[in-house]
Amino acid sequence: MSDIGSEEFEEEAGPYLGEYEGDRNEEGERHGYGKATLPNGDTFEGQYEHGKRHGSGTYRFKNGARYIGEYIKGKKHGQGTFIYPDGSKYEGSWVDDQRHGYGVYFYVNGDTFEGEWQNHQRHGQGTYTYKETGSKYVGTWVNGKPDGAGEMVHLNHRYQGSFMAGHPSGPGKYIFDIGCEQHGEYIAVEQAAGGEEEEEPMMVTIPKWKAGKITPITLRAVQEPEEPAEPAEGETAPEEAEGEKPAEQAEGATEEEPAAEEAAAEEGDAEAEEPTEAEGGEEAPAEEPAAEAEEGGEN
């Protein structure tokens, strides 16, 4: 179904007011799925409700930009992607035709911003990443600029502190990857801007770092847990030697028959063999702690 008219009214006579092809309701309003060509050359294809864009659709501008996403009562509202004429792109939330809520902006130079938006501006918590250097700002934004607590992360160091209107301000610290920190503060300093020929140069305020104390480098040694040493062949652990019954029996036998030297010698020879047999039978229990330690190392 095709006609000539606008979203507000339809007349066959008069200037060109665009075209529409699609569904209508009983009142003749655009309602349902349709395709429209606006008087300025833009086009829209998607859902309508009571004459307004409502639901999902794609709006193409004649300058090459386009929006693919959700509409409510003729305005971009909900989740959508806007591709701008210069190639930059925004993916995220919209409210009343403006970037509002959480979204990601891909800039034409390769930089990205991921975070919160309000009224088309970066506002709230977000991360801006610079493609050329790999540096990034992570923190609070107010009206499109870093403002509040934040962190500027570089290749081998980072700065933590407060920001105001896009610049560091007040106390903060630089943290270096080698393990030391430099504490200090940024103070506002006025300096002249412009050429030397100007009689009254314009004064601008810039932040200047005032260094304070430097913490020493702290080296942290990683200590690995020591595994219990396994007893050598033919040796018995001291704890096991003290608790062995053959040794106790040997002491008892010596006390009971102190006068019989030959018998004591024979019994001593026999008892000397018994611990050797006991050592051979207790080798497996003695190795269990070492085996458990090896299993723990694998896990």
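## Overall picture

Of the chain's 299 residues, 26% count as buried. The model is predicted. Buried here means under 20% relative accessible area. The accessible surface of the chain comes to about 20,200 Å². Carbon and sulfur atoms hold 49% of that surface.

Four helices and 17 strands make up the secondary structure elements of the chain. Among contacts with a separation of 6 or more, 13% join residues 24 or more positions apart.

## Strands β12 and β13

Strand β12 covers residues 136-142, and strand β13 covers residues 145-153. The two strands pair in the antiparallel sense. Six bridges hold the pairing. Lys136 stands opposite Val153 in β13.

The connection is a hairpin, with two residues between β12 and β13. Asn143 lies in this turn. Its phi is positive, at about 50°.

## Strands β13 and β14

β13 also pairs with strand β14, residues 157-164. The two run antiparallel and are joined by six bridges. They too form a hairpin, here with three residues between the strands.

## Val153 between two neighbors

β13 pairs with β12 and with β14.

Terms used
Residues numbered from 1 in each chain as written. Predicted model: local features only at pLDDT ≥ 70, side-chain atom pairs only at ≥ 80, totals over all residues. Heavy atoms only, no water. Buried < 20%, exposed > 50% of the residue type's maximum accessible area, 1.4 Å probe, protein only. Contact = heavy atoms within 4.5 Å. Areas by Shrake-Rupley, 256 points an atom, 1.4 Å probe, with all protein chains shown as cover. Pairing = 2+ DSSP bridges.
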